[in-house]
Protein chains: 2
Amino acid sequence: MTPGSNSTVTDGQLIQPLCAIFRRFIKRQGLKFTPERALILSAVLGKDGIFEAEELLYEMRQAGHRVSKATIYRTLKHLVDARIISEVLIDADRTRYQLSFGRTPKGHLVCVESGKIVEFEDPALTELRDAICQKYGYEPLSFQFTVYGRSPQARQAESIIDDR
Amino acid sequence: MTPGSNSTVTDGQLIQPLCAIFRRFIKRQGLKFTPERALILSAVLGKDGIFEAEELLYEMRQAGHRVSKATIYRTLKHLVDARIISEVLIDADRTRYQLSFGRTPKGHLVCVESGKIVEFEDPALTELRDAICQKYGYEPLSFQFTVYGRSPQARQAESIIDDR
DNA sequence: CTTGCTGCAAAAGTTTTGCACACGT
DNA sequence: ACGTGTGCAAAACTTTTGCAGCAAG
């Protein structure tokens, strides 16, 4: 139950419909809707932003659920297929994920010094995605826009050290 | 429509200046400009588009140069630091690279079925990068825009199989 | 000479897979 | 019952690192 862990009230409203959507998606492929899959989906919905596989595993175990790393990875793959979450590629270290169902796709602004990630929305992103796809005759599915820069704090910190 | 402005012939003209730039960059850090580093830079300049570390290693060995995987990775890192090449993150499988020095930054259109990657230019990309950075007070460094879709060929192939 | 560089092999880290058993449908 | 799913541990991969000898400045 973990009281007080529900920081994202709005996401809570998504649990019911998304469970149904995921279950339908799974069944449509002749696969099975298991407790583990439901549990992982619910853990994903509890995340408010970008998350990682290992992080999900850790938090689920903290919450007393015993799931294996393998099942996490296998289920995340299905959730991506179902277009409920999407991969977020910020660096080559590991894959990150983000809830994407029913949300405007976001761009990401990354500080190369601190690694801090800021999400932002801009209608131009989806417009650009569609324009490019139309130009090449592609069916648009998703996009990823990541901007790398130096945050104000990092610039200030650097200017103190910097003496070249 | 685009003439051979991105061909390897044009890149040939970049070898001299880029060697100088890289050497200066390396020396500025108190590091050493070695034959291996020059060789790797030259192999990179021979690539016409996106490439991978392993691919570079294979081709250099084919060409009769003996370089280690470790040195390839170490040098690619320096080339990224020097802003001569940039990382291209298409999927989580591996890191790809691309010559970026003196070039308009590109976006990538990826077919999710075939994995084919099309590069494209659009001034809106850099404009968007700068607009976002300005909004948050960041110093813009680079960006990555990847659009995932289904190519006309893939859509056609799928429609033949598809009979749900 | 001093300091960094290279190749090799081993290590590290993330993601995948083989297997035996358990469980949805 | 049948066919998937799960957990575990091992495997697979890409990328990094420790080390001993080598080379650039």
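I began with Leu109(A) and found that its bridge partner in β6(A) is Val147(A). I noted that the model I consulted is a predicted one. I then looked up the pairing of the strands: β4 of chain A (residues 107-111) runs parallel to β6(A), over 4 bridges.

**Strand β6(A).** I next asked with what strand of chain B β6(A) pairs, and in which sense. The partner is β6 of chain B (residues 139-150), and the pairing is antiparallel over 11 bridges. Within this pairing I located Gly149(A) opposite Pro140(B) of β6(B). I also checked burial: 9 of the 12 residues of β6(A) (residues 139-150) are buried, so this strand is largely enclosed by the rest of the structure.

**Arg129(B).** I placed this residue in helix α6 of chain B (residues 123-136). Is Arg129(B) buried or exposed? Its relative accessibility is 15%, and because buried means under 20%, Arg129(B) counts as buried. I found a polar contact of 2.9 Å between the side chains of Arg129(B) and Asp130(B). Leaving aside residues up to four places away in sequence, I listed what Arg129(B) touches: Phe145(A) and Val147(A), together with Pro140(B), Leu141(B), Ser142(B) and Phe143(B).

**Helices α3(B) and α5(B).** I recorded an angle of about 70° between α3 (residues 35-46) and α5 (residues 69-81) of chain B, with their axes 10 Å apart. The two helices are therefore roughly perpendicular. From α3(B), the contributors to the contact include Ile40(B), Leu41(B) and Val44(B); from α5(B), they include Ile72(B), Leu76(B) and Leu79(B). I noted the composition of this contact as 6 nonpolar, 3 polar and 2 charged residues.

Key: Residues are numbered from 1 along each chain as its sequence is written. Chains are lettered from A and ligands numbered from 1 in the order in which they are written. This is a predicted model: local features need pLDDT of at least 70, side-chain atom pairs count only at pLDDT 80 or more; totals for chains, interfaces and linings use all residues. Side-chain values use heavy atoms; hydrogens and water are left out. Buried means under 20% relative accessible area, exposed over 50%, partly exposed in between (1.4 Å probe, protein chains only). A polar contact is a pair of N or O atoms within 3.5 Å; within protein, one must be able to donate a hydrogen and the other to accept it, and residues adjacent in sequence count only if both atoms are side-chain atoms. Contact means heavy atoms within 4.5 Å. Axes are lines fitted to C-alpha atoms, for helices over the stretch in contact, and angles run from 0 to 180 degrees between N-to-C directions. Angles under 35 degrees count as roughly parallel, over 145 as roughly antiparallel, 65 to 115 as roughly perpendicular and the rest as oblique. Ala, Val, Leu, Ile, Met, Phe, Trp, Tyr, Cys and Pro count as nonpolar, Asp, Glu, Lys and Arg as charged, and the others, Gly among them, as polar. Two strands pair if DSSP finds at least two bridges between them.
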